[in-house]
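Here are my notes on the model you sent. Please read them with the structure open.

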Amino acid sequence: MSDLFNLAGALQEREAAALLRRRTAVVRQGRTLLVDGLRYLDMAANDYLGLADAPVLRQAFAEGIERYGVGSSASPLVTGYHEAHHRLEASLCDWLGLEAVLLFNCGFSANQAVLKALLGKQHLLWQDKLNHASLQEVGSQLPCSMKRFAHNDMAALERQLQPHSGLIVSEGVFSMDGDEGHWPRLCALAEQSGNWLMIDDAHGLGVLGPEGRGTLAAHGIAASRVNIHMGTFGKALGVAGAFVGGSRELIDYLANFARSYVYSTHMPPAQAHAVQAALTWVRQADSQRAHLSSLIARFRGGALAQGWQLGESRTPIQPIIVGASAAALQLAEQLRARGVWVTAIRPPTVPAGTARLRITLSAAHSEQDIDTLLSALEACRE
Ligand SMILES: *Cc1c(COP(=O)(O)O)cnc(C)c1O
């Protein structure tokens, strides 16, 4: 029966190549994970500021539920758009200097919604080769023609660009490498060529720039120079959901033509309320960001001294590039045996031959946690 879709064959092929994925049920508490009764230091999450389990957010979520119930009850164009969503939109505009924003249930659908709603067959779409799966996938299915340029290779992008033809999309902070897009150059190229520019700043928001305003703010770039801003609430903001921001006209257009916005139940208002609390907290979290930076420096210093190959990253995403998938899996296993939970990231999530440990640090970690990680790594090296 499964012959029809070749399920077993596909799974066996993945297993043979050390690429099979398995899920692990965890209980997350603070900066630790409980798995099968054992406690691990969590160095694999995207909870860069330690908000996912913070008392301030637990309280805000509970307060939101008390006030608004648990569900939004409809899509946003029916009765699913609540006062709490409206307030969060206004706060996001104020934080990032945007004219208008729209909330989505997740970043994956937000990215797809935007590209689908905008790009017709007359358009071109340029994407960095390391853009997130949500961007790559939809790009290859759209009627427009998609060009992918080598990671951060601005000269390659410039060669591919055609005037007034479409949209350039890149990330603020790249999710598997932790390095940043070349935003000053991206802005200049978009402006010179008369094309639109979109940033996915899922990993920059909350972490980089004054008030955690993200990659553009960290480079002193005015929000108005980028046509489309996308960010998520499930990473540094500790909750879940996403937004798309830009001009009032863009947002009005998306609210009419983005099908996964129009035809999907809106996020629970209690969740919007919790995100609002996270945002208020994040804007004031300069000391937590400074602590995080010092942990990043401590980790890099120690790991480089041990001879590991790290990425060019000043962000909490600190990959150790291993190469072969099986070797990355083995290293992750060895670290787990020493009480540190990290994930091996393998193709097709990353390019072939660049399997890695994706270590992520958090402001919830202590210097001692970094030292625990470093001594575990040192033991694996031997
Ligand atoms: C996580 C992520 C997304 C998807 O966001 P979700 O809210 O988790 O669906 C999109 N883009 C990038 C770069 C991401 O890292």
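1. β1 and strand β2 (residues 32-35) run antiparallel and are joined by three bridges. In this pairing Gln-29 stands opposite Thr-32 in β2. Bear in mind throughout that this is a predicted model.

2. The two strands belong to an open sheet of four, ordered β1-β2-β3-β12, with mixed pairing. β1 (27-29) and β12 (340-341) are its edge strands, and each pairs on one side only.

3. A second open sheet has seven strands in the order β4-β10-β9-β8-β7-β5-β6, and its pairing is also mixed. β4 (100-104) and β6 (145-149) each have a single partner strand, so one side of each has no neighbour in the sheet. On average, neighbouring strands here are turned by 20 degrees against each other, direction ignored.

4. Phe-104 stands opposite Ala-242 in β10.

5. Two helices that pack on this sheet deserve a look. Helix α4 (residues 107-118) touches β4, β5 (124-128), β7 (166-171), β8 (196-200), β9 (228-232) and β10. The direction of α4 makes about 160 degrees with that of β9. Helix α9 (residues 248-257) also packs on the sheet, with β4, β8, β9 and β10 as its contacts. The direction of α9 makes about 130 degrees with that of β10.

6. Further into the sheet, β7 and β8 pair in the parallel sense over five bridges. Val-169 stands opposite Met-198 in β8. Four of the five residues of β8 are buried, so the strand is mostly covered.

7. Which residues of helix α7 (residues 183-193) are buried? They are Trp-183, Leu-186, Cys-187, Ala-188, Leu-189, Ala-190 and Ser-193. These buried residues pack against α6 (154-160), β7, β8 and α8 (215-218). Gly-194 follows α7 and has a positive phi, near 70 degrees.

8. The structure holds 19 salt bridges. One of them joins the side chains of Glu-191 and Arg-225 (2.9 Å, N to O). Glu-191 lies in helix α7 and Arg-225 in the loop between α8 and β9, so the pair ties together parts that are 34 residues apart in sequence. Glu-191 is partly exposed at 45% relative accessibility. Arg-225 is partly exposed too, at 34%.

9. Arg-298 and Glu-367 also meet through their side chains in a salt bridge (3.6 Å, N to O). This pair links distant parts of the chain: Arg-298 sits in helix α12 (residues 286-305) and Glu-367 in helix α14 (residues 367-381), 69 residues apart. Arg-298 is partly exposed, with a relative accessible area of 33%. Glu-367 is partly exposed at 40%.

10. What separates Glu-333 and Arg-336 along helix α13 (residues 325-337)? About one helical turn, because they are three residues apart in that helix. They form a salt bridge, with the closest N and O atoms 4.0 Å apart. Arg-336 counts as buried because its relative accessible area is 18%, and the cut-off is under 20%. Elsewhere, salt bridges that share partners join Asp-94, Glu-211, Arg-213 and Arg-283 into one network.

11. Finally, the surface. Leu-4, Phe-5 and Leu-7 form a nonpolar patch there, with about 390 Å² of accessible area together. Leu-4 is found in the segment before α1 (7-16). Is Leu-4 buried or exposed? Exposed, because its relative accessible area is 68%, and the class begins over 50%.

Conventions
Residues are numbered from 1 along each chain as its sequence is written. This is a predicted model: local features need pLDDT of at least 70, side-chain atom pairs count only at pLDDT 80 or more; totals for chains, interfaces and linings use all residues. Side-chain values use heavy atoms; hydrogens and water are left out. Patches are made of residues with over 30% relative accessible area and no salt bridge: like charges are joined within 9 Å, nonpolar side chains (Val, Leu, Ile, Met, Phe, Trp, Tyr) within 5 Å. Accessible areas come from the Shrake-Rupley method with a 1.4 Å probe; for residues, only the protein chains shown count as cover. Buried means under 20% relative accessible area, exposed over 50%, partly exposed in between (1.4 Å probe, protein chains only). Two strands pair if DSSP finds at least two bridges between them. Axes are lines fitted to C-alpha atoms, for helices over the stretch in contact, and angles run from 0 to 180 degrees between N-to-C directions. Contact means heavy atoms within 4.5 Å.
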